[in-house]
Amino acid sequence: LLAAQVGGKHKWDNSSLKAGLTYTDHTHDTEYKTTNAAYFVPDVNSTTATYINDLRTIETPFTFLTMMGNGTGLKVFGDFVKNLDGDDRWKNAGYAGKDDDTAWMLGFGLASAKDFKSLDKGSMAKGDWKADIWYQEVGTYSVDPNNVDSDFFDSKVNMKGTVLKAQYNIEDNVLFNVAYGHGKVNDSSNVTAGVKGDTSYDIDNMDLLQLDVTYKF
């Protein structure tokens, strides 16, 4: 894996914008294999569903923060990825499903914050809270299937859905978290390829609820 990244952050008044640009290139080549199995193919048996041929991506993440008054901060965040070799990845997979070579995510969040500095640093104390909601779609041929969302979409490409996460500080060092995610297949003409994870290799939809309490010492 070869990668290069640039990024920057601009602050003004009680707001900031942080953005980046990342280029990645998986140098895997079929010469290391003796059969066509070297090519990624969406496969319910996962025999080829994690191969990394034809992956050359451009990614652009961003985060915008601003104070809204009354001790509340707003966050808008997102990410967009395009596989520049997605067409070849689709063709080498036998034209399975759509030629879907993009992945993206967009969300926003609210958080209690006494000032912009605490919002920017993400510092939280007793009685503070925060909540994020986002929507994401991951195309079958867009990213490395070995490194996709394992928390809410079970390490699968060809998935889309919404996640809500919230946290409340019971004490400075005692955190209560709740999260819910709903996902479903993005392209119903194809399988949800990738790592098996906690579900089967191919799923139509999934719902996940997580509750936890964290004690820091």
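This is a predicted model: local features need pLDDT of at least 70, side-chain atom pairs count only at pLDDT 80 or more; totals for chains, interfaces and linings use all residues.
Trainee: OK, so which strand is N177 in?
Mentor: N177 sits in strand β8, which covers residues 174–185.

Trainee: Is N177 buried or exposed?
Mentor: N177 is buried, because its relative accessibility is 17% and the cut-off for buried is under 20%.

Trainee: What does N177 touch, sequence neighbours aside?
Mentor: Beyond four places in sequence, N177 is in contact with A166, Q167, Q210, L211, D212 and T214.

Trainee: Switching to M159. Where is that?
Mentor: M159 lies in strand β7, residues 159–171. M159 is buried, with 2% relative accessible area.

Trainee: Which residues are in contact with M159?
Mentor: Not counting residues up to four places away, the list includes F153, V185, N186, I203 and M206.

Trainee: How far is N186 from M159?
Mentor: Their C-alpha atoms are 4.7 Å apart, while in sequence they are separated by 27 residues.

Trainee: New topic: how do β3 and β4 run, and how many bridges join them?
Mentor: Strands β3 (residues 56–69) and β4 (residues 72–83) run antiparallel, with 12 bridges joining them.

Trainee: What about β4 and β5, how many bridges?
Mentor: There are 11 bridges from β4 to β5 (residues 102–112), and this pair also runs antiparallel. K75 has G109 as its bridge partner in β5.

Key. Residues are numbered from 1 along each chain as its sequence is written. Side-chain values use heavy atoms; hydrogens and water are left out. Helices (H or I, at least four residues) and strands (E, at least two) are DSSP runs, numbered from the N terminus. Buried means under 20% relative accessible area, exposed over 50%, partly exposed in between (1.4 Å probe, protein chains only). Contact means heavy atoms within 4.5 Å. Two strands pair if DSSP finds at least two bridges between them.
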